Amino acid sequence: MKNYLLLSLVVIFFFASCYVEAHSASGDRVLVVLKDSSLKSTHSRFFKSLQARGFKLTFGTSKDSSLVLSKYGEFLYDHLVLFVSGVDDFAPKISVASVVEFIDEGKNVLLATDTEVGDAVRNLGEELGVEFDEEETNVIDHFNYHPSDTLDHTLLVATPAKNVTLFAGVQPVLFRGVGHTLSNENNGLNIPFLHGASTAYSFFLDKPVGKRAPKILGSKSQLVSALQARNNARAVISGSLELFSDKFFSTDAVLAGKKSKSGNEQFAQIVSGWVFQEKGVLKVDRVYHAHAATGETPSFYTIKDEVTYSIRILEWNGEKWAPFSANDVQYEFTRLDPYVRLYLTPDSEGNFNTTYILPDVYGVFSMIVDYARPGYTFISTKDVIPVRPFRHNQYERFIIAAYPYYASSFSMLVGIFVFSLYFLYTREDPKKKKD
């Protein structure tokens with residue numbers, strides 16, 4: 001009996017220890033491709049944090065010919081970590097085209113490199129909307145550098161982007177590596193996560209700044225940026241491998257004379273949590289529209305109907321789907337151009353509601369919610385509904401705007417009646433004939 005009980009406890013403990021559910025909304029399988037195997041030990045704290053969050057990591061190097069992203073038309077992984085530089089392909093069987101296909105299928109990529117860059121990293125960066133500076137260039141800042149770097153001033157101390165709510169409260173981050181720029185800053189897809197100060201620039205360490213000016217200057221020098229693709233796949237591009245290293249995790253940062261522990265570890269966890277879809281993931285749970293008076297959803301509406309529209313949006317909190325809260329969700333009632341555009345009113349259950357009166361225009365309309373908030377997955381819903389004019393018996397008996405016409409019609413009737421009476425009952429006396 002004791003042996004049976006002991007065996008049962010061992011089996012239960014084994015399954016409990018093996019089953020750690022990932023907090024990602026899109027899967028837990030991660031392929032890690034390293035520049036060389038030494039990165040597994042120098043960046044161990046970062047990889048252990050991923051494993052502690054339930055991700056199943058498969059490690060390999062850029063020379064490993066056994067690494068593949070898909071087999072028999074199915075992808076073997078949900079996420080891809082590329083810590084590489086100076087290579088033509090990420091692995092013998094993993095090309096830039098295969099990584100782009102991986103992203104096109106809604107998968108996620110975390111890319112980190114250094115000053116060697118390489119053709120594979122550069123070409124993938126162009127596909128992701130960024131352009132790396134030339135090889136062997138460094139981001140340099142003679143004002144915002146770590147005190148230990150007294151010669152080159154390439155060990156920067158940077159503050160994460162303030163307009164991204166993910167990084168609220170994160171301490172300054174240490175960075176040493178290559179800079180990049182965003183190909184199109186206004187496309188709504190690329191998001192700066194960490195950029196240089198106004199005094200930063202990117203250039204060669206062994207060449208003087210003279211006839212040739214730096215290509216990247218000031219806050220245009222992106223250190224870490226992100227891509228939220230239209231299919232809601234995510235990618236993060238970092239110009240520094242050291243940013244994720246154990247050394248930078250444990251090094252103090254000094255900015256404006258204030259010394260504190262570097263925010264690299266916290267920053268890395270937030271960035272990896274975002275790119276692996278542990279944070280900022282939204283989905284539409286329900287869409288509802290109906291007559292405001294009856295609550296019934298018809299097959300068509302009539303002009304000037306009062307309509308209620310409601311959409312329920314949920315956010316992944318790492319464990320389950322919870323109600324999403326925001327005050328910037330917009331609704332449009334559109335026929336080629338929007339006829340109605342309103343902000344939806346949220347409630348505690350994640351419902352966003354509005355009530356409005358349809359315009360006095362008939363046709364085929366679309367009820368659209370297109371929500372694209374930086375850092376969150378894109379939401380787009382569209383319901384097509386016809387709107388018809390009034391039937392003849394639905395119009396008012398007397399229309400106020402037609403009162404002048406009514407008055408003219410009745411005045412004509414009265415005039416004809418008066419004229420008829422006058423014509424019938426009055427006549428001139430015959431003139432007397434002259435003798």
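Residues are numbered from 1 along each chain as its sequence is written, and side-chain values use heavy atoms, with hydrogens and water left out. In this predicted model, local features need pLDDT of at least 70 and side-chain atom pairs count only at pLDDT 80 or more, while totals for chains, interfaces and linings use all residues.

**Stop 1: helix α4**

Select residues 96-104, helix α4. Helices (H or I, at least four residues) and strands (E, at least two) are DSSP runs, numbered from the N terminus. Which residues of α4 are buried? They are Val96, Ser98, Val99, Val100, Phe102 and Ile103. Buried means under 20% relative accessible area, exposed over 50%, and partly exposed in between (1.4 Å probe, protein chains only). Step just past α4 to Gly106, which takes a positive phi of about 90 degrees.

**Stop 2: a sheet of 3 strands**

Next, show β8, β13 and β14. They form an open sheet in the order β8-β13-β14, with antiparallel pairing. β8 (137-140) and β14 (216-217) stand at the edges with a single partner strand each, so one side of each has no neighbour in the sheet. Two strands pair if DSSP finds at least two bridges between them. β8 and β13 (residues 201-204) have 4 bridges. Pick Thr137 and look across to Phe204, its bridge partner in β13.

**Stop 3: strand β21**

Select residues 306-316, strand β21. How many of its 11 residues are buried? The count is 8, so the strand is mostly covered. Now bring in its antiparallel partners:

- β19 (residues 282-291) is joined to β21 by 9 bridges; Val284 stands opposite Ile313.
- β26 (residues 351-357) pairs with β21 over 7 bridges; Arg312 has Asn351 as its bridge partner.
- β22 (residues 321-323) is joined to β21 by 3 bridges; Glu315 has Ala322 as its bridge partner.

Zoom in on the hairpin of β21 and β22, with 4 residues between the strands. Gly318 there takes a positive phi near 100 degrees.

**Stop 4: a nonpolar patch**

Finally, select Val414, Phe417, Val418, Phe419, Leu421, Phe423, Leu424 and Tyr425. Together they form a nonpolar patch on the surface, with about 940 Å² of accessible area (Shrake-Rupley method, 1.4 Å probe). Nonpolar side chains are joined within 5 Å, like charges within 9 Å. End on Tyr425, in helix α8 (residues 403-425). Tyr425 counts as exposed because its relative accessibility is 65%.

Notes:
Patches are made of residues with over 30% relative accessible area and no salt bridge: like charges are joined within 9 Å, nonpolar side chains (Val, Leu, Ile, Met, Phe, Trp, Tyr) within 5 Å. A salt bridge is a side-chain nitrogen of Lys or Arg within 4 Å of a carboxyl oxygen of Asp or Glu.
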